[in-house]
Amino acid sequence: MFEIVFLGTSASAPSVRRGLAAQMVIYRQYRFLVDCGEGTQRQILRSGLGFKRLDRILLTHGHLDHILGLGGLMSTFMRWEVIERMEIYGGRPTLERVQDLLFKVVLRGAKPPMQLKFTEIKPGRVMQDQHFELSAFPVTHRGAGGCFGFLFREKSHRPFLDDRAEELGVPRGPERKQLVAGQNITLAEGRVIAPDDVLGPVEPGASLAIVGDAGRTDDLVEAVRDVDALVIEATYLTAEAEMAAQYGHLTATQAAQLAQQANVRRLILTHVSRRYHEKDILAEAQAIFPETVVARDFDRYRVQREQTVLVTPEEAIPLEAGEILTASGKEFDVGS
């Protein structure tokens with residue numbers, strides 16, 4: 001199960017109710033900030049997420065409305081000791097622009113407040129552990145070389161059947177861990193229990209695809225096929241399709257057609273232009289793909305296998321103690 005918190009859902013410039021592009025993906029101990037538009041640090045605070053464990057940032061591309069918030073975020077980290085390490089992922093042109101922003105504008109010769117690592121993304125696997133895999137796929141967008149989308153996918157697993165284990169007399173503790181790891185165990189009376197005795201059928205994990213700005217969809221169908229939730233832009237309505245093509249963006253119709261063609265289970269639209277009413281964007285997309293919603297700032301969705309739901313704060317993954325940014329007692333002079 002993944003949770004995604006929308007921190008900014010406006011296109012190109014902020015509006016009264018929408019900040020610039022940013023969303024946080026939460027999975028087990030991981031937090032991934034996907035894009036960091038201007039004002040993202042304030043949105044993080046308003047959301048209640050705080051900055052703890054915010055050590056991985058994924059950038060879809062290098063346009064300013066998707067990266068400018070990194071300057072403010074770094075400035076804040078220079079004043080408050082929060083994390084020890086940060087890794088920023090992006091295509092080469094994106095990372096070059098980010099490095100100019102951070103080192104030439106913000107830091108200006110000062111030492112970064114944490115160990116800072118830049119990782120160039122190539123199509124394919126970005127990272128994985130025993131539970132999930134994160135991969136990147138190329139996206140086409142005007143004037144943005146090295147543009148990528150991201151696919152979060154849980155690995156398939158066999159659920160542990162607690163009732164069956166109780167029936168067989170398997171004690172709680174390391175024995176159950178051995179069975180989950182695929183090892184036989186021997187009970188005190190000498191009876192051997194095999195993993196197949198207490199593990200259910202293989203279940204595929206949840207999947208979440210995130211696309212930033214995009215100028216076409218035909219090259220995205222296979223990349224997002226069968227995902228449980230697809231997050232993608234819908235900057236224009238079909239009435240202005242020519243303008244959308246000119247600026248390398250999608251209409252709500254194009255996003256919905258992609259979801260339909262790729263057999264997506266839920267479509268979440270973002271990067272909304274101030275020129276339209278949300279209801280008009282939603283109506284255009286739902287006419288083609290009914291399982292569509294338009295994200296608002298601070299919406300939080302839980303993405304499970306074959307089910308994506310909007311959750312209330314009470315239902316969300318709980319924060320750990322000290323998640324909200326707290327003072328360390330030490331400040332750094334960033335200069336002017």
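User: Is Thr308 buried or exposed, and what is its relative accessible area?

Analyst: Buried means under 20% relative accessible area, exposed means over 50%, and partly exposed lies in between, with a 1.4 Å probe and protein chains only. Thr308 is buried, with a relative accessible area of 6%. This is a predicted model, in which local features need pLDDT of at least 70 and side-chain atom pairs count only at pLDDT 80 or more, while totals for chains, interfaces and linings use all residues. Residues are numbered from 1 along each chain as its sequence is written, and side-chain values use heavy atoms, with hydrogens and water left out.

User: Where is Thr308 found, and which residues does Thr308 touch?

Analyst: Helices (H or I, at least four residues) and strands (E, at least two) are DSSP runs, numbered from the N terminus. Thr308 is found in strand 17, which covers residues 307–310. Contact means heavy atoms within 4.5 Å. Not counting residues up to four places away in sequence, Thr308 touches Asp228, Ala229, Arg266, Ile268, Tyr301, Arg302 and Val303.

User: How many helices and strands does the protein chain have, and how does its radius of gyration stand against the globule rule?

Analyst: The protein chain has 10 helices and 17 strands. Its radius of gyration is 22 Å, close to the 20 Å that the globule rule gives for 336 residues, so the chain is as compact as a globular protein of that length. The radius is taken over C-alpha atoms, and the globule rule is 2.2 Å times the number of residues to the power 0.38. Taken along the principal axes, the C-alpha atoms fill a box of roughly 70 × 55 × 35 Å. Buried residues make up 51% of the 336 residues, and among contacts between residues at least 6 apart in sequence, 65% join residues at least 24 apart.

User: How is a pair of aromatic rings described, and how many aromatic pairs does the structure hold?

Analyst: A pair of aromatic rings is described by the distance of the centres and the angle of the planes. Rings of Phe, Tyr and Trp (its six-membered ring) pair if their centres lie within 6.5 Å; planes under 30 degrees apart count as stacked, over 60 as edge-to-face and the rest as tilted. The structure holds 10 aromatic pairs. In one of them, the ring centres of Phe6 and Tyr301 are 6.1 Å apart and the planes stand at 90 degrees, so this pair is edge-to-face. Phe6 lies in strand 1 (residues 2–8) and Tyr301 in strand 16 (residues 300–304), so the pair ties together parts that are 295 residues apart in sequence. Phe6 counts as buried at 0% relative accessibility, and Tyr301 counts as buried at 4%.

User: What arrangement do the rings of Phe51 and Phe77 have, and where do these two residues lie?

Analyst: The ring centres of Phe51 and Phe77 are 5.6 Å apart and their planes are at 80 degrees, so the pair is edge-to-face. Phe51 lies in the loop between helix 1 (40–47) and strand 4 (56–58), whereas Phe77 lies in helix 3 (residues 69–79), so the pair ties together parts that are 26 residues apart in sequence. Phe51 is buried at 1% relative accessibility, and Phe77 is buried with a relative accessible area of 3%. Elsewhere, Phe2, Tyr27, Tyr30, Phe32, Phe132 and Phe152 form one aromatic cluster.

User: Which residues of helix 9 are buried, and what do they pack against?

Analyst: In helix 9 (residues 252–261), the buried residues are Ala252, Thr253, Ala255, Ala256, Leu258 and Ala259. They pack against strand 13 (229–233), strand 14 (267–270) and helix 10 (278–286). Helix 9 is followed by Asn263, whose phi is positive, near 60 degrees.
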